[in-house]
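Subject: Structure handover and notes

Dear colleague,

Here is the structure I promised to pass on to you. Please look it over first, and then read the notes that follow below it.

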Amino acid sequence: MYYQVAFWIKVCYIRSMKALLHYFFYFSAMLCWAQQTEWVNFRSVKATIQIYPESKKVEGHMTVAFDILKSTDSIFLDAVEMELDEVNLTMSGQDLNSRPEAVKFKNNKKQLIIFNAFKKDRHYELRLHYVAYPAKAMYFIDWDNDLTDKQNPFNLKEHVIRKQVWTQGQGKYTSNWLPSIDDMNDKMEFDLSIRFNKGYEVIANGVLNSKHSSDSTVTWHYDMQQPMSSYLVALAIGKYDKKVVQSKSGVPLEMYYYPEDSFKVEPTYRYTRQIFDFLEDEIGLPYPWQNYKQVPVKDFLYAGMENTGTTIFTDSYITDSIGFMDKNYVNVNAHELAHQWFGNLVTETSGTHHWLHEGFATYYALLAEKDIFGDNYYYWQLYEYAMELVAQERMGQSTSLLDPRSSSTTFYKKGAWVLHLLAEKVGRAAFKEAIRNYLINHRFKNVSTEDFIDELEAASGKALDGFVAQWLKDSVFYYDQAMESLEKSTFIQEYLMVDCELASSKCSSYLSSGISDEAKIKVIGQNKTLLKREDFKNSLRVRQAIAQSLSQIPLELKTQYESLLDDASYLTIEAALYNLWVNFPEDRVRYLQQTDGIVGFSNKNIRMLWLTLALVTPEFEQDNKEQFLRELRGYTDPRFHFEVRQNAFQYLNSIQACDAVCKNNLKQAEQHHVWQFSKFAKQLLKEMKE
Ligand SMILES: [Zn+2]
């Protein structure tokens with residue numbers, strides 16, 4: 001997942017009797033602590049929560065069990081903007097078993113602070129009841145959007161509406177909907193029971209033990225057996241079917257999908273079992289959790305999030321087999337799965353060590369892809385990562401891998417590079433041994449970079465100070481060393497050698513030679529005038545590069561270029577349709593007729609372009625213009641996925657056809673929970689006013 005920096009802006013103190021006085025005299029003051037792991041060890045949370053989607057409300061009863069490590073007069077739970085009551089405490093241990101008693105507490109709307117003479121080595125249970133209306137971390141999708149709406153501007157199909165509830169804990173804090181501990185260093189076992197309206201699937205961390213029905217609701221009881229940090233607690237609710245396969249080691253892999261999407265299950269989840277079996281084998285430690293679930297959701301904030309045993313990912317990755325060619329879930333699938341070890345089993349102590357999550361997930365995803373797509377693919381990705389890191393360096397934005405404010409390019413891609421180089425440096429066998437020891441020695445705990453390097457030094461017998469200084473602490477990306485490693489690949493050697501920046505005699509024959517697709521695509525990018533008819537005989541990917549780069553189509557290539565409209569690639573068809581329409585006005589009607597009805601990706605890339613071109617082609621279906629416009633404007637409706645809406649706004653704006661309803665929808669989009677989309681809406685509205 002993506003990383004966001006948390007700033008502790010408040011000075012946090014209060015740890016003694018003075019604290020209590022402070023509380024009485026300055027009860028309006030904000031009390032908070034960043035850390036309390038020295039005093040208390042939280043062990044488990046058992047919560048029964050009911051979710052009311054129409055009012056966006058959560059209500060729960062929970063029991064929190066904890067041990068006191070050092071006597072103290074107070075402890076806290078993070079609980080954002082909650083109403084808290086029925087707060088009771090029970091003490092046990094050393095033959096003591098007290099009865100639940102009401103306890104003195106303060107709710108400052110950020111934390112629940114419990115005041116009590118907590119005794120060292122005693123075990124306590126806290127019970128409470130809470131109500132929350134989460135402003136973030138839990139999202140309610142489409143509950144305001146009903147199909148009974150008479151104003152329905154476009155004939156919306158039932159499955160456009162996705163009544164869902166889902167959560168995102170990293171960077172948002174689970175304590176917005178469940179009292180918990182924001183600090184990643186306190187891991188506990190979370191067992192959630194969730195009561196929700198009948199007719200929906202309710203998915204949470206762990207194993208579904210049982211379901212209990214009442215007249216209108218079902219309560220789903222989930223059980224975890226191991227502890228985790230609070231940011232990894234998750235739930236997802238919606239209308240789903242699921243496909244379950246077993247891994248080689250017997251772990252159930254549960255793949256959720258929308259009921260009408262059964263034909264997309266295979267391309268969407270392609271290679272899932274292979275990735276799982278590969279990672280278990282490569283990492284050398286069995287998958288640490290009871291099962292593995294993957295759930296697509298609408299209007300998600302990121303590509304995917306590795307909640308423990310329960311990855312949530314954006315439903316934009318749901319694809320048919322044509323879309324798979326251009327954009328698929330394979331990399332994200334492997335990345336989030338790798339996090340189940342790197343991030344979830346062993347968790348960073350702080351943002352300084354964030355590469356222990358993202359660098360590792362990126363690296364192991366690459367290894368899994370190498371297993372699927374081969375060595376060339378692996379080296380090619382590393383080469384692209386290097387180019388991205390070089391570009392970042394040129395902009396003066398390189399930072400140390402251990403800087404908590406680093407970009408995702410640094411955490412993910414430099415992190416992956418560091419692991420690639422370390423494996424080369426110490427040898428594959430020592431690297432694997434170190435990884436295994438690192439995971440075993442720190443499982444269900446927190447880790448720093450030093451913990452990892454110590455294991456590597458122990459397993460390899462090599463001192464790594466020099467490497468650490470250069471690659472982890474220094475902000476420079478050592479390009480020459482990286483290239484030296486890459487040039488062991490003949491595929492990369494060939495790619496670097498093929499160069500048509502200055503056209504040579506070889507350049508005209510490259511595209512019909514046996515060089516790699518990547519090298520051919522490089523040649524096309526460098527010199528479009530080299531293209532000949534026979535060059536269209538290349539693979540789908542090379543043809544896609546031709547479609548996208550040839551904006552001026554020579555007449556002698558027209559027939560070949562037109563054949564791109566039949567390719568099994570939505571990106572190719574989109575680029576080809578646009579370029580053909582621009583280049584050959586006399587054939588516009590024919591091109592539109594040929595591509596009528598093609599939708600494209602789930603963001604409707606081809607349909608949207610088609611509608612726009614149909615509107616601005618006077619000779620094409622004059623009688624249907626109004627209907628085309630209605631359809632295009634309809635896609636701006638809040639019921640559509642934000643990516644569909646964004647496309648529609650852009651096209652309507654390009655032909656100055658965003659009417660009052662469209663503008664109203666754009667205004668509403670300014671409040672959308674996906675910040676990139678709300679930012680887009682704000683900018684476009686500003687542009688329209690200028
Ligand atoms: Zn990640």
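I begin with helix packing: helix H22 (residues 642-654) packs against helix H23 (residues 660-669) at an angle of about 135°, and their axes are 11 Å apart. The axes are lines fitted to C-alpha atoms, for helices over the stretch in contact, and the angles run from 0 to 180 degrees between N-to-C directions; helices (H or I, at least four residues) and strands (E, at least two) are DSSP runs, numbered from the N terminus. The angle makes H22 oblique to H23, given that angles under 35 degrees count as roughly parallel, over 145 as roughly antiparallel, 65 to 115 as roughly perpendicular and the rest as oblique. The crossing of H22 past H23 is left-handed, a term used if the near helix is turned anticlockwise from the far one by less than a right angle, with right-handed used if it is turned clockwise. On the H22 side the contact (heavy atoms within 4.5 Å) is made by Arg645, Phe649 and Leu652, and on the H23 side by Cys662, Asn665, Leu666 and Ala669.

Before going further, please note that this is a predicted model, in which local features need pLDDT of at least 70 and side-chain atom pairs count only at pLDDT 80 or more, while totals for chains, interfaces and linings use all residues. Residues are numbered from 1 along each chain as its sequence is written, and side-chain values use heavy atoms, with hydrogens and water left out.

H22 has a further packing partner in helix H20 (residues 605-615), as the axes of H20 and H22 come within 10 Å and cross at roughly 20°. That angle makes H20 roughly parallel to H22, and H20 passes H22 in a right-handed crossing. Asn605, Met608, Leu609 and Thr612 of H20 make this contact with Val644, Asn647, Ala648, Tyr651 and Ser654 of H22.

Turning to the aromatic residues, the count comes to 49 aromatic pairs, where rings of Phe, Tyr and Trp (its six-membered ring) pair if their centres lie within 6.5 Å, and planes under 30 degrees apart count as stacked, over 60 as edge-to-face and the rest as tilted. One of these is the edge-to-face pair of tyrosine 269 and phenylalanine 313, with 6.0 Å centre to centre and 85° between the planes. Tyrosine 269 lies in the loop between helix H2 (265-268) and helix H3 (272-283), and phenylalanine 313 in strand S21 (residues 310-314), so the pair ties together parts that are 44 residues apart in sequence. Tyrosine 269 is buried, with a relative accessible area of 5%, and phenylalanine 313 is also buried, at 0%; buried means under 20% relative accessible area, exposed over 50%, and partly exposed in between (1.4 Å probe, protein chains only).

Tryptophan 380 and tyrosine 495 form another edge-to-face pair, 4.9 Å centre to centre and with 70° between the planes. This pair links distant parts of the chain, with tryptophan 380 in helix H7 (residues 375-394) and tyrosine 495 in helix H13 (residues 490-497), 115 residues apart, and both tryptophan 380 and tyrosine 495 are buried. Helix H7 also holds tyrosine 383, which is buried at 10% relative accessibility. Leaving aside residues up to four places away in sequence, tyrosine 383 touches Met483, Leu486, Ile492, Tyr495 and Leu496. Elsewhere, ring pairs link Phe342, Trp355, Phe360, Tyr363, Tyr364, Phe431, Tyr438 and Phe452 into a cluster.

The charged end of lysine 70 is over the ring of tryptophan 39, 5.4 Å from its centre, and lysine 558 lies over the face of phenylalanine 584, 4.7 Å from the ring centre.

Finally, there are two backbone details to check. Glutamate 81, in the loop between strand S3 (72-78) and strand S4 (82-93), has a positive phi of about 50° although it is not a glycine, and at 53% relative accessibility it counts as exposed. Phenylalanine 444, in the loop between helix H9 (428-442) and strand S23 (445-447), likewise has a positive phi, near 60°.

Technical notes. A charge sits over a ring if NZ of Lys or CZ of Arg is within 6 Å of the ring centre and within 35 degrees of the ring normal.
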